[in-house]
Amino acid sequence: MAQKILVTGGTGYIGSHTVVELQNAGHEVVIIDNLSNSNIGVLDGIEAIAGKRPVFVEGDCTDEATLRKLFEENPGIEGIINFAASKAVGESVQKPLLYYRNNLNTLINLLELMPEFGVKGIVFSSSCTVYGEPDKNPIDETAPIKPATSPYGNTKQISEEIITDYVHSGAPVKSIILRYFNPIGAHPSALIGELPLGVPQNLVPYLTQTAAGIRKELTVFGNDYDTPDGSCIRDFIDVVDLAKAHVIAMKRMLDNKDTDAIEIFNLGTGCGRSVLELIESFERSTGVKVPHKIGPRREGDIEKIWAEPTKANTVLGWKAEAPLDETMRNAWRWQEKLAKN
Ligand code: UD1
């Protein structure tokens, strides 16, 4: 059934792709975003793909009055997907209070307003960072949560606890927590994608900027890990596949009366790929070389982690489908589009 969904952080990277998939599935979308790490032009991309412009509110979710006004002016919101959060690991070490304030106040405000405005459920963006360095791979949802290695990671752990405590308190809300592995790529239309501000910290935007000549060379952070080629291993998941999982999770949470009030799912491909393999995939699929060198390890990096996604596959009926080479081609198409503008 079509529903009205609030997407916080909806002009951001994962948010914008999810808005497209929600609209494609017939849902009505209201976005709130403070544009701190995205720009308003993203709405044109969303409209061009999905044929419909979502309602957009420029505002900050840490301000309860702003959210209250949004719910008053947009009655009938049934579900929330909460992407609005700061996400740079390094910055979080420098500015921990900014991270705790943004990420936790946003969540608390949303949870507090949900019963008052009849919002039934919230899908929360969490991260595989809650597992720390896994004792074994692939890792499933029952694996222990390890002490966080950054304030950013800690906000994800604390957020999961806040949601759990609130739901268990008997509040009339449901939640699905999604633990993302490493989202990469862009919409195949090249109309939306990742828009990193300044020098990218994540691998794929740095890689595509290097291929485009914006950066001189990519540094591979370490080749002496205990992995087949010595570089770190991650579970890289296509952002469109990831976006689709949110639509399915929302439907399950809102339409299915019998599901648990709180559920947790890993979102990954189930396949670990090394940093060097990712570079190879990019070069193979685009024919473009990526100048790169081996550098020292980056502090705080996990050696290897990839998902056991069986729970999402069977319970949600969702599966990551995009082949890595295609994801890398889409990332490159998006980079080329950015260069043109
Ligand atoms: C990190 C966070 C994750 C968060 C994600 C999004 C941790 C442990 N992980 O993921 O929770 O959701 O960022 O911001 O906090 N690399 C290079 N050269 C580069 C950049 C990266 O070799 O220039 C390597 C890294 O060492 C790593 C891999 O590429 O092995 C992926 O790095 P990155 O894209 O930054 O993501 P994570 O650190 O895995």
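Contact is taken to mean heavy atoms within 4.5 Å. The model is predicted, so that local features need pLDDT of at least 70 and side-chain atom pairs count only at pLDDT 80 or more, while totals for chains, interfaces and linings use all residues. Residues are numbered from 1 along each chain as its sequence is written, and side-chain values use heavy atoms, with hydrogens and water left out.

Ser 92 is found in helix 4; helices (H or I, at least four residues) and strands (E, at least two) are DSSP runs, numbered from the N terminus. At 0% relative accessibility, Ser 92 counts as buried, where buried means under 20% relative accessible area, exposed over 50%, and partly exposed in between (1.4 Å probe, protein chains only). Apart from neighbours within four places in sequence, Ser 92 is in contact with Tyr 99, Ser 150, Pro 151 and Tyr 152. The side chain of Ser 92 reaches the backbone oxygen of Val 89 at 2.7 Å and the backbone nitrogen of Tyr 152 at 3.0 Å. A polar contact is a pair of N or O atoms within 3.5 Å; within protein, one must be able to donate a hydrogen and the other to accept it, and residues adjacent in sequence count only if both atoms are side-chain atoms.

Ala 85 lies in the loop between strand 4 (77–82) and helix 4 (89–94). Ala 85 is partly exposed, at a relative accessible area of 35%, and touches Asn 103 and Lys 156 when residues up to four places away in sequence are not counted. Ala 212 is partly exposed, with a relative accessible area of 34%. Beyond its neighbours within four places in sequence, Ala 212 is in contact with Trp 332 and Gln 335. The C-alpha atoms of Ala 212 and Glu 336 are separated by 7.5 Å, although the two residues are 124 residues apart along the chain.

Helix 1 (residues 13–24) has 12 residues, which should span 16 Å at 1.5 Å a residue; the end C-alpha atoms are 17 Å apart, which agrees. The expected span is 1.5 Å times one less than the number of residues. Gly 26, which follows helix 1, has a positive phi, near 95°.

Three aromatic pairs are counted. Rings of Phe, Tyr and Trp (its six-membered ring) pair if their centres lie within 6.5 Å; planes under 30 degrees apart count as stacked, over 60 as edge-to-face and the rest as tilted. The pair Phe 71 and Phe 117 is stacked, because the ring centres are 5.2 Å apart and the planes lie at 20°. Phe 71 lies in helix 3 (residues 64–73) and Phe 117 in the loop between helix 5 (96–116) and strand 5 (121–127), so the pair ties together parts that are 46 residues apart in sequence. Phe 71 is buried, at 3% relative accessible area, whereas Phe 117 is partly exposed, at 24%.

Around the ligand there are 19 residues, of which Leu 203, Thr 219, Phe 221, Arg 234 and Asp 301 come nearest; a residue is near a molecule if one of its heavy atoms lies within 4 Å of it. An oxygen atom of the ligand lies 2.9 Å from a polar backbone atom of Phe 221. A polar side-chain atom of Arg 298 is also 2.9 Å from an oxygen atom of the ligand.
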